[in-house]
Amino acid sequence: MVTFLEFEKPVAELEARIKELKASAPEGGVDIGPEVEKLEAKAAKLLRDTYAKLSPWQKTMVARHPMRPHFKDIVGRLIEGFTPLAGDRKFGEDAAIQGGLGRFRGRSVMVIGHEKGSDTASRIKHNFGMGKPEGYRKAARLMELASRFNVPIVSFVDTSGAFPGVTAEERGQAEAVARSTQACLSVSVPFVSAIVGEGGSGGALALATANRIIMFEHSVYAVISPEGCASILWRTADKAADAAEAMKQTAQDLKRLGVIDTIVEEPLGGAHRAPEAAIDRLGDALAHELTLLDGLPPQQLRADRRAKFLAMGRSAAA
Amino acid sequence: MSWLTRLRPKLSFLQKRDTPDNLWHKCKSCGQMVFRKEFVENLSVCPRCDHHERIGPNERFGQVFDAGAYTRLPTPPAPEDPLKFRDQKRYTDRIKAARASTGEPEAFALAQGSVGGVPAVVGVQNFAFMGGSMGVAVGEAFVAGAQAALAARSPYIVFTAAGGARMQEGILSLMQMPRSTVAIAELNEAALPYIVVLTDPTTGGVTASYAMLGDIQIAEPNALIGFAGQRVIESTIREKLPEGFQRAEYLLDHGMLDMVVHRRDLQETLARLVGNLMRTGAPAAA
């Protein structure tokens with residue numbers, strides 16, 4: 001059962017009609033084949049046209065789609081023998097940020113990422129993918145561990161942001177995010193990051209400061225949510241669509257700005273319509289990026305990553 | 001609103017208490033009126049309630065460097081309005097207005113001089129310039145300061161003050177977080193002290209990057225320091241925030257700072273710290 005977004009209403013209506021038609025067709029009765037085919041073609045075209053010109057705000061909706069493949073789905077399909085590792089060794093464990101060792105197409109990798117959860121219980125368990133300081137400290141710990149054993153790092157980014165809460169502040173949310181970013185910049189192994197859903201500000205960046213950054217076609221990555229930006233600059237969250245546009249937060253804009261390296265095409269109608277196909281494409285792109293980093297000496301991997309981020313924004317223009 | 005309160009602002013004789021800016025200073029915290037000259041001599045700290053007023057780069061440099069002597073370092077130019085951003089106003093107009101009102105090119109200023117006899121580079125983030133917000137130019141200036149410190153083999157002292165990232169530069173402002181972090185890594189590896197003095201207010205992406213990565217973390221009394229904004233937190237937890245939440249003393253209690261230092265003791269504290277970390281005055285090795 002696909003959950004339809006507001007702007008997908010016309011597609012939803014068509015698809016509902018097709019379903020109805022199929023269900024009502026009597027066995028061996030009137031041949032409805034041609035009619036259904038016609039409608040299906042129409043629905044597919046409508047979907048293609050809709051997705052070909054998604055606005056930045058509509059992309060935000062797609063990136064947040066409840067059925068969008070999350071960390072668990074991606075790791076389940078791409079990583080063999082995933083062994084989760086828990087805890088920051090300082091305070092606690094944070095289920096919003098997952099990490100562990102496994103094999104990706106034959107090679108050992110350290111996998112780190114945000115998990116949003118897929119139903120009410122798991123969303124609460126994973127705090128909707130909003131990491132706490134212990135989550136970011138765990139991430140930093142795992143990056144350092146990977147670097148020590150010369151294991152490449154792969155991260156999957158999908159968060160609305162680091163958790164804004166009293167205890168998170170008390171335990172140094174800002175410092176934890178800063179240290180996680182610092183860990184990204186100090187490891188000397190290949191590091192590829194994939195923005196697979198929402199890339200929300202510092203909470204995303206803390207896992208995404210990698211050698212190569214890839215991004216799903218309809219993912220977004222921004223300094224603040226469109227709603228947050230709108231409520232500050234326009235003084236009303238109703239202007240979120242305008243803010244989404246102005247912030248240049250789509251994969252296409254970010255590639256133009258040189259912030260990300262590669263866009264991974266999603267199946268027609270978004271990754272949530274065909275999660276397995278989407279994840280496989282993501283896997284192919286990841287494998288390709290890792291190959292690009294193969295054989296580079298450790299010092300160079302780190303130096304290149306630093307040089308990449310030291311130059312960010314220096315000569316940018318939209 | 002009664003007819004009286006509506007009328008009041010229009011009656012010019014009632015406004016006489018708002019005397020010219022240049023003569024009197026009214027404390028934003030306790031309302032005390034102080035002669036401006038006296039206030040500035042008191043390092044822009046209220047003599048009655050100790051409220052530390054936000055100050056700009058020139059005043060800060062004058063307070064921090066020995067005998068108030070320093071040389072301003074130029075901050076490198078950065079691409080202006082890279083996203084062609086427009087909200088209710090054009091971003092370029094906002095920059096122009098900020099330049100006109102502060103007389104500074106951007107929200108981060110640099111100077112070189114000595115602190116307690118130790119040559120040092122000092123960076124000051126200017127809250128008066130678009131809330132001190134961090135865009136590419138701020139990142140560029142921060143990095144330039146770190147590189148000047150590297151070149152001179154001197155400590156880098158940074159006074160932070162910012163609402164966070166500059167939204168008008170979108171993702172490029174976010175990218176200044178890792179960018180500044182690279183500059184700090186270079187200082188760390190060269191064994192040069194990077195000292196942060198958090199001033200009111202320091203929040204958002206600035207806190208989540210260079211403001212929290214100091215070798216020594218100092219804050220001014222009662223400075224607001226945090227990651228998330230208080231309204232955002234309140235709406236998340238749906239309850240009142242604890243007393244003193246996100247204030248300097250609160251962070252000190254939670255192990256996030258080395259010390260909270262009154263402005264009158266700041267220069268001396270910094271001098272002692274850089275002297276110790278740079279091991280000045282040590283006996284020559286035998």
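Predicted model: local features only at pLDDT ≥ 70, side-chain atom pairs only at ≥ 80, totals over all residues.
Let me start with B:Pro201, which sits in strand E7 of chain B, residues 194-203; helices here are DSSP runs of H or I with at least four residues, strands are runs of E with at least two, and both are numbered from the N terminus. Residues are numbered from 1 along each chain as its sequence is written, chains are lettered from A and ligands numbered from 1 in the order in which they are written, and side-chain values use heavy atoms, with hydrogens and water left out.

Back to the proline: the peptide bond between B:Asp200 and B:Pro201 is cis, with omega at about -15°. Most peptide bonds are trans, and most residues other than glycine have a negative phi.

How many does the structure hold over all chains? The count is 39. In one of them, the side chain of B:Asp200 meets that of B:Arg247 at 3.7 Å, N to O. B:Asp200 lies in strand E7 and B:Arg247 in the loop between helix H8 (230-237) and helix H9 (248-253) of chain B, so the pair ties together parts that are 47 residues apart in sequence. B:Asp200 is buried, at 17%, whereas B:Arg247 is partly exposed, at 27%.

Also in chain B, the side chains of B:Glu106 and B:Arg166 form a salt bridge at 2.8 Å, N to O. Because B:Glu106 is in the loop between helix H4 (91-102) and strand E4 (108-115), and B:Arg166 in the loop between E6 and helix H6 (170-174), this pair joins parts 60 residues apart in sequence. Are these two residues buried or exposed? B:Glu106 counts as buried at 11% relative accessibility, and B:Arg166 is buried at 0%.

In chain A, A:Asp294 pairs with A:Arg107, their closest N and O atoms being 2.8 Å apart.

Staying in chain A, A:Asp261 occupies the loop between helix H12 (251-256) and strand E8 (262-264). Two polar contacts can be described here, a polar contact being a pair of N or O atoms within 3.5 Å where, within protein, one must be able to donate a hydrogen and the other to accept it, and residues adjacent in sequence count only if both atoms are side-chain atoms. A polar atom of the A:Asp261 side chain is 2.8 Å from the backbone nitrogen of A:Ile213, and the side chains of A:Asp261 and A:Lys308 are joined by a polar contact of 2.8 Å.

Finally, the interface. Chain A contributes 49 residues and chain B 51 residues to the contact, contact meaning heavy atoms within 4.5 Å. The area buried between the chains is about 4100 Å², with 72% from carbon and sulfur atoms; A:Glu169, A:Leu233 and A:Leu310 lose the most area on the chain A side, together 15% of what that side buries. Buried area here is the accessible area (1.4 Å probe) that two parts lose on being put together, summed over both. The rule finds 2 salt bridges across this interface, and A:Arg306 and B:Glu189 meet in a salt bridge at 2.9 Å, N to O. Between the two chains, 10 residue pairs are in polar contact, both residues at pLDDT 80 or more.

How values were computed
Salt bridge = Lys/Arg side-chain N within 4 Å of Asp/Glu carboxyl O. Buried < 20%, exposed > 50% of the residue type's maximum accessible area, 1.4 Å probe, protein only.
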